[in-house]
Amino acid sequence: MHETLIRDAAPADAATIAVLHLASWRSVYRGILPDAYLDGPAEAERLAHWTAVLAEPRAGDLVLLHGQAGFAAVRGRADGLGALLDNLHVDPTRRGGRIGTVLLAEVARRLVAGGQTALHLWVLDGNDRAVAFYRRHGAVVEGNRPGVMFGMQVHSTLLVFRDLEALAQAGR
């Protein structure tokens with residue numbers, strides 16, 4: 001079963017997570033983020049980011065790794081939107097194999113166990129496949145905003161899961 005392959009990430013997993021993150025971005029964000037960024041500084045930046053995140057985790061944060069195939073990262077929050085699903089990425093060659101679904105369900109199970117009642121995320125506009133994936137699992141679109149990501153102008157869609165109990169069952 002997929003769930004047995006999911007574990008808490010450790011500092012030694014930073015390179016694996018950075019590679020997965022960058023592969024996912026390169027397959028999804030071509031045309032959304034500049035190629036010069038994706039093919040250049042993004043690699044070192046992702047490795048530095050995940051090295052720092054895993055070396056000094058913050059209270060309420062969660063990073064889960066599914067073998068070499070995918071990962072999810074959550075920032076705990078106490079606002080009305082619940083925890084923030086900061087990242088959920090699957091190796092592009094493994095998409096469609098339920099890895100994202102079981103990661104998302106495990107995130108929900110962990111959040112419910114910790115007393116959380118909601119989860120939200122921001123998806124860059126143009127990533128229609130991700131929006132459809134989250135909506136299939138019960139997320140509701142609740143907004144859109146402009147912003148800056150790595151010095152680049154972007155627009156993002158806010159998605160919110162308000163029934164974490166149901167989401168926790170998605171991976172079964």
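Predicted model: local features only at pLDDT ≥ 70, side-chain atom pairs only at ≥ 80, totals over all residues.
**Note on the sheet, core and salt bridges**

1. Strand 6, residues 140–149, pairs with strand 7 in the antiparallel sense, and nine bridges are found between the two. The strands form a hairpin with two residues between them, and F150 takes a positive phi near 55° there.

2. The sheet as a whole is open and made of seven strands, in the order 1-2-3-4-5-7-6, with mixed pairing. Strand 1 (6–8) and strand 6 stand at the edges; each has a single partner strand, so one side of each lacks a neighbour in the sheet. From one strand to the next the twist averages 25°.

3. Helix 1 lies across strand 2, strand 3, strand 4 and strand 6, and runs at about 80° to strand 4. Helix 3 also packs on the sheet, where it touches strand 2, strand 3 and strand 4. The direction of helix 3 makes about 115° with that of strand 2.

4. The largest nonpolar core has 30 residues, and those touching the most other members are L85, L88, L104, L119, Y134 and F161. Elements giving two or more residues to this core include strand 2 (62–66), strand 3 (70–75), strand 4 (83–90), strand 5 (119–124) and strand 7 (152–161). The helices that do so are helix 4 (99–113), helix 5 (128–136) and helix 6 (164–168). Helix 4 supplies the largest share, seven residues.

5. Neighbours within four places in sequence set aside, L88 is in contact with F71, A72, G100, L103, L104, F133 and Y134. Of these partners, L104 and Y134 are also listed among the residues that touch the most other core members.

6. The structure holds 12 salt bridges. One of them joins D39 to R26, with the closest N and O atoms 3.9 Å apart. D39 is in the loop between helix 2 (35–38) and helix 3 (41–55), R26 is in helix 1 (residues 14–28), and the two are 13 residues apart. D39 is partly exposed at 47% relative accessibility, and R26 is partly exposed as well, at 27%.

7. R26 has a further partner in E43, the N to O distance being 4.0 Å. This pair links helix 1, which holds R26, with helix 3, which holds E43, across 17 residues.

8. Another salt bridge brings together the side chains of R162 and E142, at 3.0 Å from N to O. R162 is in the loop between strand 7 and helix 6, while E142 is in strand 6, so the pair ties together parts 20 residues apart in sequence. Both ends are partly exposed: R162 has a relative accessible area of 45%, and E142 has a relative accessibility of 36%.

9. Through shared partners, salt bridges join R26, R30, D35, D39 and E43 into one network.

Definitions and conventions. Residues numbered from 1 in each chain as written. Heavy atoms only, no water. Core = buried A, V, L, I, M, F, W, Y, C linked by side-chain atoms within 4.5 Å. Buried < 20%, exposed > 50% of the residue type's maximum accessible area, 1.4 Å probe, protein only. Helix = DSSP H or I, 4+ residues; strand = E, 2+ residues; numbered from the N terminus. Contact = heavy atoms within 4.5 Å. Pairing = 2+ DSSP bridges. Axes fitted to C-alpha atoms, helices over the stretch in contact; angles between N-to-C directions.
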